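I opened this entry to look up the salt bridges.

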Amino acid sequence: MSSQNTEVKGYGTLTDQPVLDGHVGPSMYSAAELFKAVAHPVRAQILELLIRGECTIPELCDGTGLKPSHLSRHLAQMRGQHLIKCVRSGGRLVYKLGFPEAGELLAAARSVLHARTAAAVSSLPPMPEEEPFTPLWRERYSAPEAALVSRSVIADACQAIAARTGCSPEAAAGRLIMTARTCKITLLDAALEELRGEEASSDA
C-alpha cells in the first residue's frame with residue numbers, strides 16, 4: 001500500500017499514511033527523530049518550561065540548572081526538529097514552542113506513565129496476612145514495591161509521608177500499602193489521596 005508524500009522545506013518528507021508493505025515508511029523515521037529530540041530529561045524540562053510561556057536563555061538556565069554552553073546543545077537539537085524556535089520579542093531573544101502541538105508530547109508521555117503505573121498496581125497479588133516487613137512480606141513485595149515507588153505518583157506520596165512523619169522511604173511505602181489495604185482501594189488511589197491531603201495542608 002502506498003501513500004502520498006509531501007515535501008516541506010526544513011521538515012523532511014511528511015507521509016499522510018504509513019506504508020504497509022513490510023517496510024518502515026518515512027513517517028516512522030520522522031517520528032523516531034522527533035522522539036529523540038525530547039529523549040533527555042533536560043530537553044523534556046525545556047519543553048515543560050516553554051509550554052508555560054516563552055523564555056530567555058537566562059530563564060532557561062535557571063529552570064534547568066545548566067550553564068548556557070551546555071544548554072545550547074539541547075536547544076540546537078530541539079530546534080533541529082522544529083519543536084522550539086528563537087525569536088526577537090521586545091528587544092530580546094526568547095525561545096518559544098515551534099507550534100502549540102509540540103506541548104502534547106509531554107501530555108502523551110504523562111498519560112502513558114499513568115497507565116503504566118495503574119497497570120503495575122493492578123497486577124499486585126493479594127496482600128498477605130503477615131504484617132509488613134516480615135520476611136514473607138519482603139520476599140513477596142520488595143521487588144514489585146521497589147518498582148512501584150519509582151513511578152512518579154507513588155514515589156511522591158511516599159516522599160510526602162516520609163517528610164511528614166520522619167520515617168524512612170521503606171516505612172512510608174509500607175504505610176501507603178496498609179492504607180490501601182485498610183480502605184480497600186488501589187495503591188495508586190491511596191497515593192493520590194495522600195497527595196491531595198498534602199496539597200490541602202500546604203494551602204491552609
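**Salt bridges, pair by pair**

I started with helix α1 (residues 26-36), where Lys 36 and Glu 33 are 3 residues apart and so separated by about one helical turn. I noted that this is a predicted model. The two side chains form a salt bridge, with the closest N and O atoms 3.2 Å apart.

I then turned to Glu 48, which forms a salt bridge with Arg 110. The closest N and O atoms of this pair are 2.7 Å apart. Glu 48 sits in helix α2 (residues 41-52) and Arg 110 in helix α5 (residues 104-122), so the pair ties together parts 62 residues apart in sequence. Is Glu 48 buried or exposed? I found it buried, because its relative accessibility of 17% is under the 20% cut-off. Arg 110 is partly exposed, with a relative accessible area of 49%. I also recorded a network of salt bridges that links Glu 48, Arg 52 and Arg 110.

My next entry is Arg 164 with Glu 194, a salt bridge whose closest N and O atoms are 2.5 Å apart. This pair links distant parts of the chain, with Arg 164 in helix α7 (residues 152-165) and Glu 194 in helix α9 (residues 187-203), 30 residues apart. Glu 194 counts as buried, at 15% relative accessibility.

How many salt bridges does the count come to? I logged 4 salt bridges.

Definitions and conventions:
Residues are numbered from 1 along each chain as its sequence is written. This is a predicted model: local features need pLDDT of at least 70, side-chain atom pairs count only at pLDDT 80 or more; totals for chains, interfaces and linings use all residues. Side-chain values use heavy atoms; hydrogens and water are left out. Helices (H or I, at least four residues) and strands (E, at least two) are DSSP runs, numbered from the N terminus. Buried means under 20% relative accessible area, exposed over 50%, partly exposed in between (1.4 Å probe, protein chains only).
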